[in-house]
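Here's a quick tour of a fold, from the overall layout down to single side chains. Have the viewer open as you read.

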Amino acid sequence: MASHSYSGKKVGANIGSFFNGVVNNGIESTFKSLGIQYVGKSVGEIFSRLVDVIAPNSNTKEDIVAKEATQMALSRIYDYVEANEMDIKCINNMPPELMNGVLKEYVGSYIWITMMNDLGSRLEMYISNSEDAYATECEFKDMIMGIVDVEFDKQGDIINQDVHSTMNSLYERCLGVLEGIV
């Protein structure tokens, strides 16, 4: 799976690059460099555009999974903006823990969605009770998120590192652990 996660790794690195831009240049300059018009736009419109810029492709199943995981992860930033009276500029003051949490959410969501797409029909085939299938899915997601938590904690603050190589390394480690279990 690790060798087939090009879109997932690239989009994860794009999220990290977005955060690096915010930390180093501020949200206004970062939006400008990404070609995102934010003046006079609703927060929903801005986030929709941000998702499209971070995860631009929808040509393959992997691209679609990366976009869906991006939406799930960026919803944490949306919640932060919402808690700050919908002021998009509050992203300038976003705590590093939230940024790392968003990256963690992205990686976990990407892996979970990918694996559920691969395993979904098999679960349905072997588990006839929908409650049992749901419980198994939840256990599987918890296991994935636990592995991602452990590997992220080993890495430390990602925002202040080389995001591309760090995200690639994290993917490899998380997927390697999962491949050893599954």
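What follows goes through the helices, the core, the aromatic rings and the charged pairs.

## Ground rules

This is a predicted model, so to speak of local features we need pLDDT of at least 70, and side-chain atom pairs count only at pLDDT 80 or more, while totals for chains, interfaces and linings use all residues. Residues are numbered from 1 along each chain as its sequence is written, and side-chain values use heavy atoms, with hydrogens and water left out.

## Overall layout

The protein has 7 helices and 0 strands, giving the pattern α-α-α-α-α-α-α along the sequence. Helices here are DSSP runs (H or I, at least four residues) and strands are E runs of at least two, numbered from the N terminus. Of the 182 residues, 46% count as buried; buried means under 20% relative accessible area, exposed over 50%, and partly exposed in between (1.4 Å probe, protein chains only).

Contact means heavy atoms within 4.5 Å. Among contacts with a separation of 6 or more, 69% are between residues 24 or more positions apart.

## The core

The largest nonpolar core has 49 residues, and Ile77 and Tyr106 have the most contacts inside it. Such a core is a set of buried Ala, Val, Leu, Ile, Met, Phe, Trp, Tyr and Cys residues joined through side-chain atoms within 4.5 Å. The elements giving two or more residues to this core are α1 (6-25), α2 (27-34), α3 (43-54), α4, α5 (96-126), α6 and α7 (163-181), with α5 supplying the largest share, 12 residues.

Take isoleucine 77: leaving aside neighbours within four places in sequence, it touches Phe18, Phe19, Phe47, Ile91, Met94 and Val102.

## Aromatic rings

There are 5 aromatic pairs. Rings of Phe, Tyr and Trp (its six-membered ring) pair if their centres lie within 6.5 Å; planes under 30 degrees apart count as stacked, over 60 as edge-to-face and the rest as tilted. Phenylalanine 18 and phenylalanine 19 make a tilted pair, 5.6 Å centre to centre with 50° between the planes. Phenylalanine 18 also stacks with phenylalanine 31, at 6.3 Å and 25°. Phenylalanine 18 sits in helix α1 and phenylalanine 31 in helix α2, so this pair ties together parts 13 residues apart in sequence.

Phenylalanine 18 is buried at 2% relative accessible area, and phenylalanine 31 is buried at 1%. Ring pairs join Phe18, Phe19, Phe31 and Tyr38 into a cluster.

## Charged pairs

The salt bridge count is 5, where a bridge needs a side-chain nitrogen of Lys or Arg within 4 Å of a carboxyl oxygen of Asp or Glu. Glutamate 28 meets lysine 89 at 4.0 Å, N to O; the former lies in helix α2 and the latter in the loop between α4 and α5, so the pair ties together parts 61 residues apart. Lysine 67 bridges to aspartate 52 at 3.0 Å, linking helix α4 to helix α3.

Aspartate 63, in helix α4 (residues 61-83), is buried yet has no salt bridge; its nearest side chain of opposite charge, lysine 67, is 9.1 Å away. For that search, Lys and Arg count as positive and Asp and Glu as negative, with His and the chain ends not counted.

## Helix α6

The 26 residues of α6 (130-155) should span 38 Å, and the end C-alpha atoms are 37 Å apart, which agrees. The expected span is 1.5 Å times one less than the number of residues.
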